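Good morning, and thank you for coming.

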Amino acid sequence: MAKLNLMAAALLTAAVPLVASCAPAGSSEPGAAALTPKQTERLDDQLAGKVPGEPMRCLPSYRTNQTIRVSDNILLYRSGGNLVYRNDLKSSCPGLARDSDIMVVRQFGSSTCEGDFFHLVDRSSGIRGPTCVFGEFVPYRKPEGDKG
């Protein structure tokens with residue numbers, strides 16, 4: 001029995017640093033990854049002067065004209081200068097922030113919805129990367145009367 005307890009203690013000692021490394025540094029939300037200064041700047045630039053609206057489950061494709069990869073967890077969909085949709089993915093999508101892989105979205109109908117999948121494909125080798133899941137789409141708009 002003592003041998004078994006000793007083994008359990010050894011396993012726990014080895015597992016604690018591993019589990020702790022899964023918790024992102026500097027994040028206040030569970031499961032949210034900390035942004036680099038460059039990613040924070042990109043996010044702030046895109047959302048500056050805009051206020052969040054009610055989250056939407058689906059985003060019609062015709063509403064956006066540009067996809068911006070902020071991090072492995074955050075996508076922005078631009079719809080003109082006054083409207084940006086933020087999507088916090090259900091979990092991290094390793095490699096998304098590199099912006100070199102191709103995003104292949106599995107879309108059913110004319111909208112991309114929360115829970116829909118996409119995956120990344122390496123541009124040079126064609127090798128398929130991780131499968132990722134969209135979260136809610138939160139519209140950020142400039143307030144009424146704001147011309148800047």
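Let us begin with strand 6 and strand 8, which run antiparallel and are joined by four bridges. Please keep in mind that this is a predicted model.

Now look at what else strand 8 pairs with. Strand 9, residues 128–133, pairs with strand 8 over four bridges, again in the antiparallel sense. F118 has a bridge partner here as well, namely C132 in strand 9. F117, for its part, stands opposite V133 in strand 9. Strand 8 and strand 9 form a hairpin, with six residues between the two strands. In the turn you will find G126, which has a positive phi of about 80°.

In which order do the three strands of this open sheet stand? The order is 6-8-9, and the pairing is antiparallel. Strand 6 and strand 9 stand at the edges with a single partner strand each, so one side of each has no neighbour in the sheet. From one strand to the next, the twist averages 25°.

Why is strand 8 described as largely enclosed by the rest of the structure? The description applies because four of its five residues are buried. A residue counts as buried when its relative accessible area is under 20%.

Let us step back to the whole protein. Its secondary structure comes to two helices and ten strands. Of the 148 residues in the protein, 30% are buried. If we take the contacts with a separation of 6 or more, 53% of them are between residues 24 or more positions apart. The protein exposes about 9400 Å², and carbon and sulfur atoms supply 58% of that area.

I turn now to the charged pairs. How many salt bridges does the structure hold? There are four, and I shall describe some of them.

One joins R69 and D99, with the closest N and O atoms 3.2 Å apart. This pair links distant parts of the chain, as R69 lies in strand 3 and D99 lies in the loop between strand 5 and strand 6, 30 residues apart. Are the two partners buried or exposed? R69 is buried, at a relative accessible area of 8%, whereas D99 is partly exposed, at 46%.

Another salt bridge joins E114 and K90, and here the closest N and O atoms are 2.7 Å apart. Again the pair links distant parts of the chain: E114 is in the loop between strand 7 and strand 8, K90 is in the loop between strand 5 and strand 6, and 24 residues separate them in position. E114 has a relative accessibility of 21% and therefore counts as partly exposed, since the limit for buried is under 20%.

A further salt bridge is formed by D101 with R98, the closest N and O atoms lying 2.9 Å apart. D101 is buried, with a relative accessible area of 7%, while R98 counts as exposed at 55% relative accessibility.

That concludes my presentation. Thank you for your attention.

Terms used. Residues are numbered from 1 along each chain as its sequence is written. This is a predicted model: local features need pLDDT of at least 70, side-chain atom pairs count only at pLDDT 80 or more; totals for chains, interfaces and linings use all residues. Side-chain values use heavy atoms; hydrogens and water are left out. A salt bridge is a side-chain nitrogen of Lys or Arg within 4 Å of a carboxyl oxygen of Asp or Glu. Buried means under 20% relative accessible area, exposed over 50%, partly exposed in between (1.4 Å probe, protein chains only). Two strands pair if DSSP finds at least two bridges between them. Axes are lines fitted to C-alpha atoms, for helices over the stretch in contact, and angles run from 0 to 180 degrees between N-to-C directions. Contact means heavy atoms within 4.5 Å. Accessible areas come from the Shrake-Rupley method with a 1.4 Å probe; for residues, only the protein chains shown count as cover.
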